[in-house]
Amino acid sequence: MSKEFDLGTLLAERGAERYELHSKYLNHQLPKMLHTIGFDKVYERAEGAHFWDADGNDYLDMLAGFGVMGLGRHHPVVRKALHDVLDASLADLTRFDCQPLPGLLAEKLIAHSPHLDRVFFGNSGTEAVETALKFARYATGKPRILYCAHAFHGLTTGSLSVNGEDGFRDGFAPLLPDTALPLGDLDALAKELRKGDVAGFIVEPIQGKGVHEAPPGYLRAAQELLHQHKALLIADEVQTGLGRTGDFYAYQHEDGVEPDLVCVAKSLSGGYVPVGATLGKDWIFKKVYSSMDRVLVHSASFGANAQAMAAGLAVLSVMEDEQIVANARAMGDLLASRLTALVDRYELLSDIRGRGLMIGIEFGRPKSLKLRSRWTMLQAARKGLFAQMVVVPLLQKHRILTQVSGDHLEVIKLIPPLVVDENDVERFVEAFTAVMDDAHSGGGLMWDFSKTLIKQAVANR
């Protein structure tokens, strides 16, 4: 008889080895990076927008697991749904039947996207993007996808082909023959479309890297150009969707925008079970699945599994019942207004931008000589170090988790759980103000820590 497995016992016996295990068996650079910047914390439990360490210290989460924890951690409704679906002992993933949960979740998603008709369920955001790229190519009969410079759509080979950052692409060629455009440049879009080989244009309504929003009117004009050339508009809402920006989808901020394909993931999981979804128009799906011979031409082994579907249904129910989208809009407006009021106060603070609870804080070159010389020193070592200098004391001194919005960027991206309240907003603003005061004093731990970051940056060259 096999020994009974007990997860609690295993964690009690081996949990303290977490960093050593990662160093030995997983990505060895992760624990190294965490040790270097002082992020090597040990968190014991979590709830909502907060987590706690072994000493009972409370931390505010302004990162939400890169946007996965839209409802925060361990929402009771989602937890119950998962317990219920496990207890139901469903005949899941037989591959040759039609279970009710995928249809019910698809119905719920389509209700928020009335111009779309059908859904494909996969397991992640990058898989949702891969699906959209395949469907666009097949439905149009054209090979090329257009995307935006500095875009992020995932890291698998297809989605990497429409990733706008060389740092992610380097060393993984050859990729698909796709073409980058400047965000907001309609002339560049029109020029590429005239070549006649474009299947679609994939775009984040607000780019995660740097938090740059598509200019007003751009998405609608792009849609018109695309349709004139029989190409498709693909909206990547993996991070911006499900209420993040104060509407259910970010593209809904602009009237008349109706993408042909929409990719969602992250928050749909409830923070528990990976899930991605690609929503599309009926004619696209009917072209891809054009006969019974093609019934499995695109599928996913774990797609539409019962646990993921139950989590998604619970998430959408909570969003409706607890007015999550309205809270994201209200708390986002409050946070942005409080931060914007600080721009004139701090010369190192350059810009506050974004929508809802997706906010970018950008830092820039100061005017005073003493601060400017230190800024120049940091920039010479590696662009993005000042933003990292801000992130570290926010965690170390104020127990608030944030992160820079991309490599070589002086931008912090705030994407907290959509359940944050006014107390959380005020806590962040007070902590950020204290860190800015310290930075502008010209001394203190922040600038001492900069020496460590500079040494590390130089060593990595």
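Colleagues, I begin with an open sheet of four strands, whose order is 13-14-17-16 and whose pairing is antiparallel. Its edge strands are strand 13 (349-355) and strand 16 (403-404), each of which pairs on one side only. Pairing here requires that DSSP find at least two bridges between two strands. Helices (H or I, at least four residues) and strands (E, at least two) are DSSP runs, numbered from the N terminus.

Please note that this is a predicted model, in which local features need pLDDT of at least 70 and side-chain atom pairs count only at pLDDT 80 or more, while totals for chains, interfaces and linings use all residues. Residues are numbered from 1 along each chain as its sequence is written, and side-chain values use heavy atoms, with hydrogens and water left out.

Within the sheet, strand 16 pairs with strand 17 (residues 411-414) in the antiparallel sense over two bridges. There, Gln 403 stands opposite Lys 413 of strand 17.

I turn now to strand 2 (residues 50-53). Strand 2 runs antiparallel to strand 1 (residues 43-47), with four bridges between them, and antiparallel to strand 3 (residues 58-61), with three bridges. Phe 51 is the bridge partner of Ala 46, and Phe 51 also stands opposite Tyr 59 in strand 3. Are the faces of strand 2 covered or open? Both are covered: His 50 and Trp 52 on one side, and Phe 51 and Asp 53 on the other, are all buried, that is, under 20% relative accessible area, with exposed meaning over 50% and partly exposed in between (1.4 Å probe, protein chains only).

The two hairpins each include a glycine with positive phi. Between strand 1 and strand 2 there are two residues, and in this hairpin Gly 48 has a phi near 60°. Four residues separate strand 2 from strand 3, and in that hairpin Gly 56 has a phi near 85°.

My last topic is Thr 433, which belongs to helix 17 (residues 422-441). Why does Thr 433 count as buried? Because its relative accessibility is 13%. A polar atom of the Thr 433 side chain lies 2.7 Å from the backbone oxygen of Val 429. Neighbours within four places in sequence aside, Thr 433 is in contact (heavy atoms within 4.5 Å) with Leu 342, Arg 345 and Tyr 346.

Definitions and conventions:
A polar contact is a pair of N or O atoms within 3.5 Å; within protein, one must be able to donate a hydrogen and the other to accept it, and residues adjacent in sequence count only if both atoms are side-chain atoms.
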